[in-house]
Amino acid sequence: MAVSSLRLTVEEKNYWKFCMLNVRVVPDALRHYFDSLILPTSLATTITRYSSTILNLVTWKVINAAQLNILQRIPGTIWPPKVTPVPIGSTDTSSAHFDVTLMVCLLRNIPLSGIFPPVTGWDNLPYPHDKCSGAYLARIKYYRNEIAHSTEHNMNTLDFQDKWQALSEHCRNFALDLDGSYNGDIVLALSAEIDEIKRDLTLVEVKNNQMKKDLTRTELQLEHVRSDFDLYKDGSLPKNISDNINNLISQWWKDDEAYFVTRAKKQVYDMLESENIILIIGHSGAGKSATARNVALKCNSNGYDVVPVESVYNILDYRCKDKKQIFVIDDVVGKYSINEMCLYQWEGLDSKLNAVFVDPSAKLICTLRKVLATDSKFRQTNTLFSEKAYIIDLDNKDNCLLCEEKLSVLKNHLTCTGRQNELSNEECKECCKANLAFPLLCHILQQAVDCSNENPVSFESLFVM
């Protein structure tokens, strides 16, 4: 975006003018009113007299520690012994150091002649016709909070005119005139803010152009690397890649010995007959990876080359035309949270990936935690997962583990670890009452036994919370 194209809308100008009114003018007007009620010469005496009230407000977290520190540093104030004294040599303070919140808080809670809560209460916007001093204070505090917590930086003209008129009236009643120099201060401050925004946008534009150049250079280097692969290929894939994949597949076959074929696995395999892209979702430990790998290994037995990948770019790098390949990728866009860069890559390569998986000889199985699959960032991004993927939810009532499936999974893992005689059938059924991460617990047991045959882990203990 060119800086010269920066134009604030009328609604945005209204918002920023109202902000500057609240930040630059209202505090001074309110302070003028505050000093007329609690004279600077009697400020210390008043604070001392109502110190217990102030400390109660601190306890109730109405006054924060920073505001209490300002009050403590007013020369001449006396505080109860339980209050930690300020360090010797601290800078003196006065009402000039009070912010709007502190001034309104003190005026509300220190008994003063002529100040009463408005009909609507201190924390609500008073009625327009309510002209009492309490209404003025409540309205100032309400608008200050509205600005502080605003998420939309615009204000329609009617709202702006009503709010400006209300605060203008308050400031005039507090002995300041918005038609005088303060109005000029607002315009000057607003202009300075806009100039600062323009300078920031210029810097952003320069950095953005540099990033585009860096990205173009990186993409060119990546193309060179891809073209160099052809020099090192042994068969279909580069030899080092092929060796790493074969080692990983060997481990998968070993882990698969304990796998029990569930109805979810059957559905995944059956859907691969008609679908080229399957996304398996479920809660942590539901068996997503084990299911994806078991299906891939069965496809391997039927003539497919299994290609585990960690990046979407690997799919394009390792795809070999005219060969039956099934790609497997775990935690496809992040493990614990959405990896936005990874999601951006899937979106950017969407057209190329669609061209790959239109071919029935290319299959893709991905896994993703359910909490990420339902994330709005993932669902609203234009990728092949939102367009062409068949989603299988392991937590769905049609796919979740049945009691008899759990029992078979458990007995398979006991058999693979040589402990099939350690638990009775009733004990196995008791273990199967666990619902959370059951397949993962079985896998943990198998790994624990493999690593520590002398000190085997108690299987029952994994299921006792």
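Student: What joins Lys 397 and Asp 398?
Tutor: The side chains of Lys 397 and Asp 398 meet in a salt bridge, with 3.6 Å from N to O; the term stands for a side-chain nitrogen of Lys or Arg within 4 Å of a carboxyl oxygen of Asp or Glu. Please keep in mind that this is a predicted model, in which local features need pLDDT of at least 70 and side-chain atom pairs count only at pLDDT 80 or more, whereas totals for chains, interfaces and linings use all residues. Residues are numbered from 1 along each chain as its sequence is written, and side-chain values use heavy atoms, with hydrogens and water left out.

Student: Is Lys 397 buried or exposed?
Tutor: Lys 397 counts as exposed because its relative accessibility is 65%, while Asp 398, at 47%, counts as partly exposed. Here buried means under 20% relative accessible area, exposed means over 50%, and partly exposed lies in between, with a 1.4 Å probe and protein chains only.

Student: How many salt bridges are there in the structure?
Tutor: The structure holds 10 salt bridges. One of them is formed by Asp 393 and Lys 370, whose closest N and O atoms are 2.8 Å apart. That pair links distant parts of the chain, as Asp 393 is in strand E7 (residues 390-393) and Lys 370 is in helix H15 (residues 370-373), 23 residues apart. Helices (H or I, at least four residues) and strands (E, at least two) are DSSP runs, numbered from the N terminus.

Student: And how covered are Asp 393 and Lys 370?
Tutor: Asp 393 is buried, with a relative accessible area of 14%, whereas Lys 370 counts as partly exposed at 28%.

Student: What about Lys 323, which residue does its side chain meet?
Tutor: The side chain of Lys 323 meets that of Asp 305 in a salt bridge of 3.2 Å, N to O. This pair also links distant parts of the chain, 18 residues apart, with Lys 323 in the loop between helix H12 (312-318) and strand E5 (325-329) and Asp 305 in strand E4 (residues 305-308). Lys 323 is partly exposed at 30% relative accessible area, and Asp 305 is partly exposed at 31%.

Student: Now the sheet: what is the strand order?
Tutor: The order is E4-E5-E6-E3-E7 in an open sheet of 5 strands with parallel pairing, where two strands pair if DSSP finds at least two bridges between them. E4 and E7 are the edge strands, each pairing on one side only.

Student: How many bridges join E6 to E3 and to E5?
Tutor: Strand E3 (residues 277-282) runs parallel to E6 and is joined to E6 by 6 bridges, and the bridge partner of Ile 281 in E6 is Leu 368. E5 and E6 pair in the parallel sense over 5 bridges, with Ala 362 in E6 as the bridge partner of Gln 325.

Student: How many residues of E6 are buried?
Tutor: In strand E6 (residues 362-369), 8 of its 8 residues are buried. Ala 362, Leu 364, Cys 366 and Leu 368 point one way, and Lys 363, Ile 365, Thr 367 and Arg 369 point the other way.

Student: Last topic, how many disulfides does a search find?
Tutor: A search of the whole structure finds 0 disulfides, a disulfide being a pair of cysteine sulfur atoms within 2.5 Å. As for individual cysteines, Cys 19 counts as buried at 7% relative accessibility, and Cys 400 is partly exposed at 27%.
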